[in-house]
Amino acid sequence: MSRQIVEQNIDGIDPLETMPPAKKSMVIFFLVDTSKSMEGSKLESLNRVMGEILPELIGVGEAGTDVKVAVLSFSSGCEWVTPEPVLIEEYQRWENLTADGVTDLGDACEELCSKLSRNSFLSAPSLSYAPVIFLMTDGYPTDDYKKGFEMLKKNRWFQYGLKIALAIGSNVDLDVLKEFTDDEELVLQACGAEMLRKLVREIAVTSSKIGSTSMTLTETSTERSVAEVAGAKKAQMVEAVQEIKQDILGLEDLDDLDDMDIEFDEGW
(Lines give C-alpha, C1' and ligand atoms only; values in the text may rest on other atoms or scores of the structure.)
Protein backbone atom coordinates (compact mmCIF):
# COMPACT_ATOMS: atom_id res chain seq x y z
CA MET A 1 0.00 0.00 0.00
CA SER A 2 1.37 3.38 -0.92
CA ARG A 3 2.10 6.05 1.66
CA GLN A 4 -0.62 8.21 0.11
CA ILE A 5 -3.26 5.53 0.56
CA VAL A 6 -2.12 4.82 4.13
CA GLU A 7 -2.64 8.42 5.21
CA GLN A 8 -5.71 9.18 3.09
CA ASN A 9 -7.77 6.10 3.85
CA ILE A 10 -9.58 7.55 6.84
CA ASP A 11 -13.19 7.75 5.72
CA GLY A 12 -12.73 4.97 3.20
CA ILE A 13 -13.38 6.81 -0.06
CA ASP A 14 -10.84 8.79 -2.04
CA PRO A 15 -11.22 8.87 -5.84
CA LEU A 16 -7.91 10.72 -6.09
CA GLU A 17 -5.83 8.15 -4.26
CA THR A 18 -3.98 7.11 -7.44
CA MET A 19 -2.90 10.66 -8.19
CA PRO A 20 0.36 11.94 -6.70
CA PRO A 21 -0.49 14.87 -4.40
CA ALA A 22 1.03 18.21 -5.27
CA LYS A 23 0.95 19.20 -1.61
CA LYS A 24 0.07 17.80 1.76
CA SER A 25 -2.68 19.44 3.80
CA MET A 26 -3.58 19.72 7.49
CA VAL A 27 -6.42 21.65 9.16
CA ILE A 28 -6.24 22.98 12.69
CA PHE A 29 -9.72 23.49 14.15
CA PHE A 30 -10.23 26.06 16.90
CA LEU A 31 -13.46 25.48 18.88
CA VAL A 32 -13.96 28.66 20.92
CA ASP A 33 -16.48 29.15 23.72
CA THR A 34 -18.10 32.57 23.30
CA SER A 35 -20.80 32.22 25.96
CA LYS A 36 -21.72 35.15 28.23
CA SER A 37 -19.28 34.02 30.94
CA MET A 38 -16.38 34.64 28.54
CA GLU A 39 -17.26 38.33 28.33
CA GLY A 40 -14.59 40.78 29.40
CA SER A 41 -10.94 39.95 30.04
CA LYS A 42 -11.19 36.25 29.16
CA LEU A 43 -12.32 36.81 25.60
CA GLU A 44 -10.24 39.96 25.23
CA SER A 45 -7.12 37.97 26.15
CA LEU A 46 -8.10 35.14 23.83
CA ASN A 47 -8.79 37.48 20.92
CA ARG A 48 -5.46 39.18 21.46
CA VAL A 49 -3.37 36.01 21.54
CA MET A 50 -5.17 34.49 18.54
CA GLY A 51 -4.21 37.55 16.52
CA GLU A 52 -0.63 37.25 17.75
CA ILE A 53 -0.13 33.58 16.96
CA LEU A 54 -1.39 33.58 13.38
CA PRO A 55 1.99 34.70 11.95
CA GLU A 56 3.72 32.06 14.07
CA LEU A 57 1.71 29.30 12.40
CA ILE A 58 3.12 30.12 8.96
CA GLY A 59 5.61 27.45 7.94
CA VAL A 60 5.08 25.20 10.97
CA GLY A 61 4.73 22.08 8.83
CA GLU A 62 7.17 20.36 6.53
CA ALA A 63 8.05 21.92 3.19
CA GLY A 64 5.20 21.45 0.76
CA THR A 65 2.55 21.26 3.48
CA ASP A 66 -0.50 23.50 3.48
CA VAL A 67 -1.65 24.32 7.01
CA LYS A 68 -5.21 25.59 7.12
CA VAL A 69 -7.31 27.12 9.90
CA ALA A 70 -11.00 26.62 10.68
CA VAL A 71 -12.66 28.51 13.56
CA LEU A 72 -15.97 27.52 15.17
CA SER A 73 -17.46 29.71 17.90
CA PHE A 74 -20.16 28.29 20.14
CA SER A 75 -22.56 29.77 22.67
CA SER A 76 -26.32 29.50 22.11
CA GLY A 77 -25.77 27.37 19.06
CA CYS A 78 -22.59 27.61 17.00
CA GLU A 79 -21.25 29.43 13.96
CA TRP A 80 -18.26 29.04 11.66
CA VAL A 81 -16.10 32.15 11.70
CA THR A 82 -14.38 30.66 8.65
CA PRO A 83 -16.97 29.34 6.14
CA GLU A 84 -14.30 26.84 5.08
CA PRO A 85 -10.69 26.09 6.05
CA VAL A 86 -8.36 28.94 5.09
CA LEU A 87 -4.65 28.74 4.32
CA ILE A 88 -2.80 30.18 7.30
CA GLU A 89 -0.88 32.53 4.97
CA GLU A 90 -4.22 34.00 3.91
CA TYR A 91 -5.72 34.17 7.41
CA GLN A 92 -3.56 36.74 9.16
CA ARG A 93 -6.27 39.04 10.45
CA TRP A 94 -8.15 37.58 13.43
CA GLU A 95 -11.81 38.56 13.63
CA ASN A 96 -12.47 39.45 17.28
CA LEU A 97 -15.20 37.31 18.80
CA THR A 98 -17.91 38.62 21.12
CA ALA A 99 -19.59 36.87 24.03
CA ASP A 100 -23.26 36.13 24.68
CA GLY A 101 -25.59 33.23 25.39
CA VAL A 102 -25.04 29.80 26.95
CA THR A 103 -22.57 26.96 26.28
CA ASP A 104 -23.91 24.59 23.62
CA LEU A 105 -20.85 22.36 23.38
CA GLY A 106 -22.90 19.42 22.11
CA ASP A 107 -24.21 21.47 19.22
CA ALA A 108 -20.67 22.52 18.36
CA CYS A 109 -19.49 18.91 18.38
CA GLU A 110 -22.29 17.82 16.05
CA GLU A 111 -21.44 20.66 13.66
CA LEU A 112 -17.75 19.79 13.78
CA CYS A 113 -18.55 16.15 13.06
CA SER A 114 -20.52 17.14 9.95
CA LYS A 115 -17.44 18.92 8.56
CA LEU A 116 -14.89 16.20 9.32
CA SER A 117 -15.34 14.50 5.97
CA ARG A 118 -13.82 14.32 2.50
CA ASN A 119 -17.19 15.63 1.33
CA SER A 120 -16.80 18.82 3.35
CA PHE A 121 -13.92 20.62 5.13
CA LEU A 122 -11.36 17.89 4.40
CA SER A 123 -11.87 17.78 0.65
CA ALA A 124 -8.40 19.02 -0.39
CA PRO A 125 -7.25 17.07 -3.49
CA SER A 126 -4.02 16.01 -1.82
CA LEU A 127 -2.66 13.85 0.94
CA SER A 128 -4.34 15.03 4.14
CA TYR A 129 -2.98 14.62 7.62
CA ALA A 130 -5.48 13.97 10.39
CA PRO A 131 -6.62 17.33 11.84
CA VAL A 132 -5.68 19.13 15.03
CA ILE A 133 -8.71 20.03 17.16
CA PHE A 134 -8.22 22.62 19.91
CA LEU A 135 -11.16 23.20 22.28
CA MET A 136 -11.24 26.25 24.59
CA THR A 137 -14.01 26.81 27.14
CA ASP A 138 -14.60 28.42 30.52
CA GLY A 139 -17.73 26.63 31.72
CA TYR A 140 -20.09 23.68 31.74
CA PRO A 141 -22.04 22.44 28.71
CA THR A 142 -25.67 23.60 28.77
CA ASP A 143 -26.95 21.14 26.17
CA ASP A 144 -26.73 17.40 25.49
CA TYR A 145 -22.98 17.34 24.94
CA LYS A 146 -22.80 13.55 25.24
CA LYS A 147 -24.80 13.18 22.04
CA GLY A 148 -22.27 15.36 20.24
CA PHE A 149 -19.37 13.44 21.77
CA GLU A 150 -20.80 10.12 20.65
CA MET A 151 -21.13 11.37 17.09
CA LEU A 152 -17.55 12.58 17.07
CA LYS A 153 -16.17 9.35 18.51
CA LYS A 154 -17.58 7.47 15.52
CA ASN A 155 -15.88 9.84 13.08
CA ARG A 156 -12.53 8.42 11.97
CA TRP A 157 -11.02 11.84 11.29
CA PHE A 158 -11.77 12.75 14.90
CA GLN A 159 -10.48 9.41 16.16
CA TYR A 160 -7.11 9.92 14.51
CA GLY A 161 -6.86 13.68 15.03
CA LEU A 162 -4.85 15.44 17.72
CA LYS A 163 -7.30 16.69 20.36
CA ILE A 164 -6.30 19.23 23.01
CA ALA A 165 -8.54 21.11 25.47
CA LEU A 166 -7.91 24.27 27.48
CA ALA A 167 -9.98 25.11 30.54
CA ILE A 168 -10.23 28.89 30.96
CA GLY A 169 -10.58 29.75 34.64
CA SER A 170 -11.77 27.69 37.60
CA ASN A 171 -15.45 27.12 36.76
CA VAL A 172 -14.86 24.37 34.20
CA ASP A 173 -15.94 20.74 34.20
CA LEU A 174 -12.55 19.12 33.64
CA ASP A 175 -14.13 15.68 33.31
CA VAL A 176 -15.95 16.89 30.19
CA LEU A 177 -12.69 18.08 28.66
CA LYS A 178 -10.96 14.80 29.51
CA GLU A 179 -13.81 12.98 27.80
CA PHE A 180 -13.36 15.15 24.72
CA THR A 181 -9.61 14.51 24.42
CA ASP A 182 -9.86 10.92 25.69
CA ASP A 183 -6.70 11.63 27.68
CA GLU A 184 -6.35 13.75 30.78
CA GLU A 185 -2.76 14.54 29.80
CA LEU A 186 -4.10 16.62 26.90
CA VAL A 187 -6.16 18.93 29.12
CA LEU A 188 -4.63 22.16 30.46
CA GLN A 189 -6.05 24.91 32.67
CA ALA A 190 -5.41 28.66 32.55
CA CYS A 191 -5.65 30.41 35.89
CA GLY A 192 -5.43 33.99 34.66
CA ALA A 193 -5.15 36.22 31.61
CA GLU A 194 -1.38 36.03 31.14
CA MET A 195 -1.33 32.26 31.62
CA LEU A 196 -4.12 31.96 29.06
CA ARG A 197 -2.08 33.83 26.47
CA LYS A 198 1.01 31.69 27.07
CA LEU A 199 -0.89 28.40 26.94
CA VAL A 200 -2.85 29.21 23.77
CA ARG A 201 0.34 30.23 21.98
CA GLU A 202 2.29 27.13 23.01
CA ILE A 203 -0.53 24.68 22.34
CA ALA A 204 -1.47 26.12 18.94
CA VAL A 205 2.08 26.27 17.59
CA THR A 206 3.20 22.93 19.02
CA SER A 207 0.13 20.96 17.96
CA SER A 208 0.32 22.43 14.44
CA LYS A 209 3.95 21.37 14.10
CA ILE A 210 3.25 17.83 15.27
CA GLY A 211 0.03 17.45 13.30
CA SER A 212 1.55 18.56 10.00
CA THR A 213 4.65 16.37 10.18
CA SER A 214 4.94 13.14 8.19
CA MET A 215 5.47 10.07 10.37
CA THR A 216 4.48 7.39 7.89
CA LEU A 217 7.82 5.61 7.54
CA THR A 218 9.65 3.98 10.42
CA GLU A 219 13.42 3.75 10.75
CA THR A 220 13.28 0.43 8.89
CA SER A 221 11.39 2.07 5.99
CA THR A 222 8.26 0.04 6.66
CA GLU A 223 4.98 1.91 6.52
CA ARG A 224 2.86 2.65 9.54
CA SER A 225 -0.90 2.34 9.55
CA VAL A 226 -3.12 5.39 10.09
CA ALA A 227 -3.70 4.27 13.69
CA GLU A 228 0.04 3.92 14.32
CA VAL A 229 0.73 7.39 12.92
CA ALA A 230 -2.04 8.86 15.07
CA GLY A 231 -0.70 7.11 18.15
CA ALA A 232 2.83 8.35 17.54
CA LYS A 233 1.66 11.94 17.10
CA LYS A 234 -0.48 11.73 20.22
CA ALA A 235 2.50 10.46 22.21
CA GLN A 236 4.55 13.42 20.95
CA MET A 237 1.79 15.82 21.93
CA VAL A 238 1.45 14.32 25.41
CA GLU A 239 5.18 14.77 25.94
CA ALA A 240 4.99 18.34 24.67
CA VAL A 241 2.02 19.16 26.93
CA GLN A 242 3.90 17.82 29.93
CA GLU A 243 6.74 20.20 29.12
CA ILE A 244 4.28 23.07 28.69
CA LYS A 245 2.72 22.32 32.09
CA GLN A 246 6.12 22.33 33.73
CA ASP A 247 7.39 25.45 31.97
CA ILE A 248 4.26 27.61 32.25
CA LEU A 249 2.24 26.13 35.09
CA GLY A 250 5.16 24.82 37.11
CA LEU A 251 3.47 21.49 37.80
CA GLU A 252 3.66 17.87 36.72
CA ASP A 253 -0.07 17.10 36.65
CA LEU A 254 -3.33 19.06 36.36
CA ASP A 255 -4.51 17.68 39.71
CA ASP A 256 -1.54 19.39 41.39
CA LEU A 257 -3.33 22.73 40.97
CA ASP A 258 -5.29 21.90 44.12
CA ASP A 259 -2.07 21.84 46.14
CA MET A 260 -0.63 25.08 44.77
CA ASP A 261 -1.00 28.63 46.01
CA ILE A 262 -2.59 29.92 42.80
CA GLU A 263 -5.09 32.74 42.67
CA PHE A 264 -7.56 31.57 40.08
CA ASP A 265 -9.23 34.00 37.69
CA GLU A 266 -6.77 36.74 38.54
CA GLY A 267 -7.70 39.82 36.56
CA TRP A 268 -10.93 38.32 35.24
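What volume does the largest pocket have? About 240 Å³, counting the space filled by probe spheres set on grid points that are joined across faces, edges and corners. A pocket here is an open set of points on a 1 Å grid over the protein atoms alone, where a 1.4 Å probe fits, with protein on both sides within 12 Å along at least five of seven lines; lining residues have an atom within 4 Å of a point.

Before going on, some ground rules: this is a predicted model, where local features need pLDDT of at least 70, side-chain atom pairs count only at pLDDT 80 or more, and totals for chains, interfaces and linings use all residues. Residues are numbered from 1 along each chain as its sequence is written, and side-chain values use heavy atoms, leaving out hydrogens and water.

Back to the pocket. Helix 8 (226–249) gives the largest share of the lining, four residues, while helix 5 (156–160), strand 7 (162–168) and helix 6 (174–181) each supply at least two. Helices (H or I, at least four residues) and strands (E, at least two) are DSSP runs, numbered from the N terminus.

Glu179 pairs with Lys153, with the closest N and O atoms 3.6 Å apart. That ties helix 6 to helix 4 (residues 145–153), linking distant parts of the chain, 26 residues apart. The count of salt bridges comes to 11.

Now look at helix 2 (residues 41–53) and helix 7 (residues 193–211): their axes come within 9 Å and cross at roughly 35 degrees. Those axes are lines fitted to C-alpha atoms over the stretch in contact, with angles from 0 to 180 degrees between N-to-C directions. Contact means heavy atoms within 4.5 Å, and the residues that meet include Leu46 and Val49 in helix 2 and Leu196 and Val200 in helix 7.

Technical notes: Salt bridge = Lys/Arg side-chain N within 4 Å of Asp/Glu carboxyl O.
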